[in-house]
Amino acid sequence: MILETKRLLLRPWEESDVEELYRYAKDSAVGPNAGWPVHTSVENSSEIIRTVLSAPETYAIVLKKTGLAVGSVGLKMGEATDLTEEADEAEIGYWIGVPYWGQGLVPEAVRELMRYAFMELKRKRLWCGYYDGNTKSRRVQEKCGFLYHHTIEEVEVSLLNEIRTEHVSTISYEEWLAKQL
């Protein structure tokens with residue numbers, strides 16, 4: 001499955017993306033904000049492509065003008081999600097390399113994934129979370145129409161062996177549809 005926007009292709013991660021993944025995921029400004037450790041080597045990034053980024057509905061954010069992966073966006077559904085137990089709901093997650101911050105690429109990718117989730121996968125509600133202090137992630141959610149729902153204190157971030165506060169937002173199909181008109 002390949003999804004397309006004005007500037008982006010959202011496609012499954014490939015082993016050939018490993019150099020680009022490592023280039024951005026080794027930056028301490030990226031992974032730890034999202035709850036995962038910096039990548040330590042190209043081999044580490046290759047393993048992440050095989051074990052994490054190969055999950056269903058997980059996409060590389062690829063710039064049309066270069067053909068290179070610069071980030072990731074994905075849906076977690078069913079037992080994979082942390083934020084809902086409803087079968088007809090999903091959770092969205094995302095990250096992008098630092099050189100691409102502030103260009104509106106993540107909101108563009110998230111909006112397309114929202115369209116896909118609501119229109120093609122027939123999800124009734126989408127959830128999204130960000131850790132305390134990650135204002136860039138909060139802004140993405142606001143720009144995409146998500147509304148604050150609740151805060152969870154003392155969330156275990158097992159990959160980093162930390163405890164954090166997570167803010168959770170949501171949008172229903174009806175709320176999303178009203179914004180499309």
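Let's start at Val157, whose bridge partner in S8 is Glu162. A quick word on names: helices (H or I, at least four residues) and strands (E, at least two) are DSSP runs, numbered from the N terminus. What we're looking at is a predicted model, where local features need pLDDT of at least 70, side-chain atom pairs count only at pLDDT 80 or more, and totals for chains, interfaces and linings use all residues. Residues are numbered from 1 along each chain as its sequence is written, and side-chain values use heavy atoms, with hydrogens and water left out.

Back to our two strands. S7 and S8 run antiparallel, joined by 8 bridges. Two strands count as paired if DSSP finds at least two bridges between them. Together S7 and S8 make a hairpin with 4 residues between them.

Now look at the turn. Which residue there has a positive phi? That's Asn161, at about 55°, and it isn't a glycine. Asn161 sits in the loop between strand S7 (147-157) and strand S8 (162-172). Most residues other than glycine have a negative phi. Is Asn161 buried or exposed? Exposed, because its relative accessible area is 73% and the cut-offs are under 20% for buried, over 50% for exposed, and partly exposed in between, using a 1.4 Å probe and protein chains only.

Let's move across the sheet. S8 also pairs with S6, again in the antiparallel sense, over 7 bridges. Here Trp127 stands opposite Thr170 in S8. Zooming out, the open sheet has 8 strands, ordered S1-S2-S3-S4-S5-S6-S8-S7, with mixed pairing. At the edges are strand S1 (3-4) and S7, each pairing on one side only.

What lies across S5, S6 and S8? That's helix H5 (residues 135-143), which runs at about 160° to S6. For that angle, axes are lines fitted to C-alpha atoms, for helices over the stretch in contact (heavy atoms within 4.5 Å), and angles run from 0 to 180 degrees between N-to-C directions.

Next up, helix H4. It has 16 residues and spans 22 Å from first C-alpha to last, close to the 22 Å expected at 1.5 Å a residue; the expected span is 1.5 Å times one less than the number of residues. Why do we call H4 largely enclosed by the rest of the structure? Because 12 of its 16 residues are buried, including Leu105, Val110, Tyr116 and Phe118.

Just after H4 comes Lys122, with a positive phi of about 60°. Lys122 belongs to the loop between helix H4 (105-120) and strand S6 (125-131), and Lys122 is exposed, at 54% relative accessible area.

Last stop: Asp17, in the loop between strand S2 (8-11) and H1. Asp17 is buried, with a relative accessible area of 5%. Its side chain makes a polar contact with the side chain of Arg11 at 2.8 Å. A polar contact is a pair of N or O atoms within 3.5 Å; within protein, one must be able to donate a hydrogen and the other to accept it, and residues adjacent in sequence count only if both atoms are side-chain atoms. Leaving aside residues up to four places away in sequence, Asp17 touches Arg11, Pro12, Ile49, Ala60 and Ala69.

Glu19, in helix H1 (residues 18-25), counts as partly exposed at 48% relative accessibility. The C-alpha atoms of Glu19 and Ala69 are 9.4 Å apart, with 50 residues separating them along the chain.
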